[in-house]
Amino acid sequence: MQKVDYIIVGLGIAGLSFCEKLKKNNKSFIVFDTSKNSSTLSSGGVINPTVLKRFTKVWNADLHISEAIPFYTELSKKLSISVLDLIPILRILNSVEEQNNWMVASDKKGMSSYLSSKLIKNKNPHINAPFGFGKVLGTGRIYFSVLLNAYKEDLQNNNLLISEKFEYDLLEEVDDVIKYKDISAGKILFAEGISAIKNPFFPQDPKHNGKKLLIGNKGEYIIINAPDLNLKFMLKASLIIIPLGNDLYKVGTTYERDNYTNNTTQKAKEELKTKLSKIINCSFDIVDQIAGIRPTTRDRRPLMGTLKESSNKVFFNGLGTRGFISAPSLAQNLYNHLECGEELSYETDIKRHYHW
Ligand SMILES: Cc1cc2nc3c(=O)[nH]c(=O)nc-3n(C[C@H](O)[C@H](O)[C@H](O)COP(=O)(O)OP(=O)(O)OC[C@H]3O[C@@H](n4cnc5c(N)ncnc54)[C@H](O)[C@@H]3O)c2cc1C
């Protein structure tokens, strides 16, 4: 029987961030992952501490960004790959009024480190932006496939990864010890993203007032080839355009709440194409399309920690639309909770749903 401190189910950005905390603290673990329905692998990988509809910060932006950037920088060094590109985001301003709103927001306490107070003129003839751009500071992009591939290889080389589906019905708990096939563990951490809706241990509706804790929010991107666009930054308007190199761009995304299917659709393709044609005026070809499901929650806060029934079964989920920025800091909170007895904040603790 192999003995470990933790079994981890799921290696998206949540599972990976938690593994890093375990490694740092010399805790032993083994990971199960199929890479199926991975939100991490279908995302944009954008690190953006702001909400560019309202020119405000995302939840806990200061804390999350202060942990995320060093986390990905350190991972790049450890894995000898480049994981993080600190590429800026320029937001198209649509009117004089929006220019003014941007300037007012950039002057607000706490926003000046995220919204540059200098407006930028548009010099690219293929972008429709007569009122120019506002520049978002502290942004970047994660090369998530490169990261996950390198991370998996590293785990595999150390016999820490089992690329198999975790079968919930084979899980046993005997005298506070978790047993699964020939592995025994002190705890099991479930980080399956939206697939957690199939986890019988994950709190589902009946016990909880008939309300779902985890809600799928489907998103689709198109990949375009646009040889004349020549974009060196991420461009945000009604969509985000992310340069991938070699004249390829990822363009998205759509939002469809309560949709758990991850097939690409003609409807999303048309929607993205129509919106894109209003932002750029050069020709482009759609060369690919991607769909994924975000693990979101009604109150837009994560679902972390344990339930009253079992303190050995741990959940790390509900990272929503901004998993890359929040996962490193949340993983630290979760680790401190499990191993150092620190309280989880009410808004992140899965137990908050017992108070309905
Ligand atoms: C279209 C789209 C665009 C997005 N864009 C961004 C963005 O630009 N920036 C940002 O910060 N966030 C973005 N997100 C959100 C972000 O991707 C998620 O918040 C994050 O990836 C969630 O990570 P996770 O580890 O919780 O889940 P996942 O990434 O889904 O990982 C779960 C893993 O668990 C595995 N698994 C599940 N069940 C089992 C089982 N029984 N046995 C073994 N393995 C299992 C799955 O195969 C998967 O690999 C986007 C999401 C989508 C869908």
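Student: Why is Phe55 called buried?

Tutor: Phe55 has 21 other C-beta atoms within 10 Å. A residue is buried if 20 or more other C-beta atoms lie within 10 Å of its own, exposed if 12 or fewer, and partly exposed in between, with C-beta atoms placed from the backbone. So Phe55 counts as buried. By the way, this is a predicted model: local features need pLDDT of at least 70, side-chain atom pairs count only at pLDDT 80 or more, and totals for chains, interfaces and linings use all residues. Residues are numbered from 1 along each chain as its sequence is written.

Student: Where is Phe55 found?

Tutor: In the loop between β4 (50–51) and β5 (56–57). Strands are DSSP runs of E with at least two residues, helices are runs of H or I with at least four, and both are numbered from the N terminus. Phe55 also has a positive phi of about 55 degrees, although it is not a glycine.

Student: Which residues of α4 are buried?

Tutor: Phe144, Leu147, Leu148, Tyr151 and Leu155. They cover an arc of only 90 degrees around the axis, which puts them on the same side of α4; the arc is that of the directions from the helix axis to the C-beta atoms. On the other side of α4, Ser145, Glu153 and Asn157 are exposed.

Student: What do the buried residues of α4 pack against?

Tutor: Their partners are α1, β2 (29–32), α2 (61–79), β9 (140–142) and β10 (161–162). Two residues are in contact if their C-beta atoms, placed from the backbone, lie within 7 Å.

Student: How do you know that the reach of α4 is close to the one expected?

Tutor: Helix α4 (residues 144–157) has 14 residues and reaches 20 Å from its first C-alpha to its last. Just after α4, Asn159 takes a positive phi of about 55 degrees.

Student: What joins Gly252 and Thr253?

Tutor: A cis peptide bond, with omega about 10 degrees. Thr253 sits in the loop between β17 (248–252) and β18 (256–257).

Technical notes
The expected span of a helix is 1.5 Å times one less than its number of residues.
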